[in-house]
Amino acid sequence: MKYRRFGRTGWMVSEIGYGMWGMGSWSGSSDEESLGSLQHAVELGCNFFDTAWAYGGGRSERLLGQLVRANPDKRLYTATKIPPKNMKWPSRRQFSLDDCFPPDHIEEYVRRSLENSGLESFDLIQFHVWEDAWVEDERWARKMDELRRQGFINAVGISINRWEPWNGVRAVRSGLIDAVQVIYNVFDQNPEDELFPACVEKDVAIVARVPFDEGTLTGTLTRESTWPEGDWRNTYFVASNLFPSVERADALKPVVERAGIRMPEAALRFILSHPAVSTIIPGMRKLSHVESNIAASDAGPLSQELLAELRTHRWERAPTEWSQ
Ligand SMILES: NC(=O)c1ccc[n+]([C@@H]2O[C@H](COP(=O)([O-])OP(=O)(O)OC[C@H]3O[C@@H](n4cnc5c(N)ncnc54)[C@H](OP(=O)(O)O)[C@@H]3O)[C@@H](O)[C@H]2O)c1
């Protein structure tokens, strides 16, 4: 495993971090399997873990606390997220700070996350939705400073809404945040345009999330894919998303296979090829996924030739009623 600097915090984080949404709330999750996979990831050098209160109302945070306690001799970086007060994902332009993150709500959920995890502090607290207009309202930053002084948090981040990388650039430029979490993958390359240069300029860490486009970029979905009732992917992979996603993944497959690389590995190595990225957080519950994803770090960036080809698979998407 290779490590990268996490922006101005100076932390050295593993190139492959760990996304903990699935194990909190997707169908088919077993805590026993998840804990085994998490522990194996630690043994393979993974040290950055991303969870949220919303991932099972604390279930995923509880697993993270267990993992940290089981590894007292390891420095594991813990990141969680405060849900918006109105519990609506994503946020909309008309939502105010009072709708989503009034100061008392911020404090309440930081305390809840600490309680769920049993940790004394989190390394990174992120806002689980974000509107750049909130930069003007200093109350959130003041509350975060207070929580930092109290020793509950180390660093502050925002998690940018799906397919809106522009909606975090002002926050980066404000100097008020240490990290951004954003969707960045072979399809969604647009954070490179404006967000990444701003992060580099301000030394803000970049957490690349949803590296597999929720599964499409693993090459395993088909036009017939469905999930058990209650699994959120049934509401995301509606036909108008699933069909073009599968079509585009199928177009990509021969390109990466010609280079002798499997789809999931290509997806991760594409992201690692960008030097501004601090860490990637693939969602993974299966041990075999942990092993193959972590191996992508040692394999390193892709060749310039393959990268140039993958760049042509960029897909411009705008938020819509099913995109969440
Ligand atoms: N608004 C937000 O802030 C927000 C939104 C979405 C995600 N996130 C964060 O980003 C993380 C990553 O996103 P995600 O989990 O939604 O999607 P993702 O990482 O794009 O995809 C996860 C899916 O890929 C599968 N997978 C992982 N490695 C694989 C491999 N090597 N081969 C085949 N399949 C593989 C996983 O299976 P298994 O689970 O069965 O191993 C899971 O079904 C989340 O866990 C969460 O921490 C944040």
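1. Start with helix H12. Its buried residues are Val-290, Asn-293, Ile-294, Ala-296 and Ser-297. Looking down the axis of H12, these buried residues fall within an arc of 130°, so they line one face of the helix. Keep in mind throughout that this is a predicted model.

2. What lies on the two sides of H12? The buried residues pack against helix H2 (31–43) and H11. On the other side, Ser-288 and Asp-298 are exposed.

3. The length of H12 can be checked. It has 13 residues, and at 1.5 Å a residue they should span 18 Å. The end C-alpha atoms are 19 Å apart, which agrees. After H12 comes Gly-300, with a positive phi near 80°.

4. H12 also matters for reading the ligand site. The ligand is surrounded by 28 residues. The closest are Gly-19, Trp-21, Ser-159, Phe-212 and Gly-283. Helix H12 (residues 287–299) supplies the largest share of this shell, three residues. By type, the shell divides into nine nonpolar, 12 polar and seven charged residues.

5. Now turn to helix H5 (residues 103–117). Its 15 residues should span 21 Å at 1.5 Å a residue, and the end C-alpha atoms are 21 Å apart, which agrees. Buried in H5 are His-105, Ile-106, Tyr-109, Val-110, Ser-113, Asn-116 and Ser-117. They cover an arc of only 130° around the axis, which puts them on the same side of H5.

6. Which elements cover that buried side of H5? The cover includes helices H3 (59–70) and H6 (139–149). It also includes strands E5 (77–82), E6 (122–127) and E7 (153–159). The face turned away from the buried side carries the exposed residues Asp-104 and Arg-111. Just after H5, Gly-118 takes a positive phi of about 75°.

7. Next, the interior. In soluble globular proteins, nonpolar side chains tend to be buried together. Here the largest nonpolar core has 92 residues, and Val-180 and Ile-206 have the most contacts inside it. Helix H11 (residues 263–272) gives the largest share of this core, seven residues.

8. Which residues does Ile-206 touch, leaving aside neighbours within four places in sequence? Ile-206 is in contact with Val-180, Val-182, Phe-196 and Cys-199, and also with Ala-276, Val-277 and Ser-278.

9. The loop between E5 and helix H4 (97–100) deserves a look. Pro-90 sits in this loop. A cis peptide bond joins Trp-89 and Pro-90, with omega about -10°. Met-87 is found in the loop between E5 and H4 as well. Its phi is near 55°, a positive value in a residue other than glycine. Is Met-87 buried or exposed? Met-87 is exposed, with 9 other C-beta atoms within 10 Å.

10. Asp-203 also has a positive phi, about 55°, although it is not a glycine. Its place is in the loop between helix H8 (195–202) and strand E9 (205–209). Asp-203 has 15 C-beta neighbours inside 10 Å, so it counts as partly exposed.

11. Last, Asp-145. This residue is found in helix H6. Asp-145 is partly exposed, with 14 other C-beta atoms within 10 Å. How far apart are the C-alpha atoms of Asp-145 and Val-169? They are separated by 21 Å, while the two residues are 24 residues apart along the chain.

Methods. Residues are numbered from 1 along each chain as its sequence is written. This is a predicted model: local features need pLDDT of at least 70, side-chain atom pairs count only at pLDDT 80 or more; totals for chains, interfaces and linings use all residues. A residue is near a molecule or strand if its C-beta atom, placed from the backbone, lies within 6 Å of it. Helices (H or I, at least four residues) and strands (E, at least two) are DSSP runs, numbered from the N terminus. Ala, Val, Leu, Ile, Met, Phe, Trp, Tyr, Cys and Pro count as nonpolar, Asp, Glu, Lys and Arg as charged, and the others, Gly among them, as polar. The expected span of a helix is 1.5 Å times one less than its number of residues. A residue is buried if 20 or more other C-beta atoms lie within 10 Å of its own, exposed if 12 or fewer, and partly exposed in between; C-beta atoms are placed from the backbone. The arc is that of the directions from the helix axis to the C-beta atoms. Two residues are in contact if their C-beta atoms, placed from the backbone, lie within 7 Å. A nonpolar core is a set of buried Ala, Val, Leu, Ile, Met, Phe, Trp, Tyr and Cys residues joined through C-beta atoms within 7 Å.
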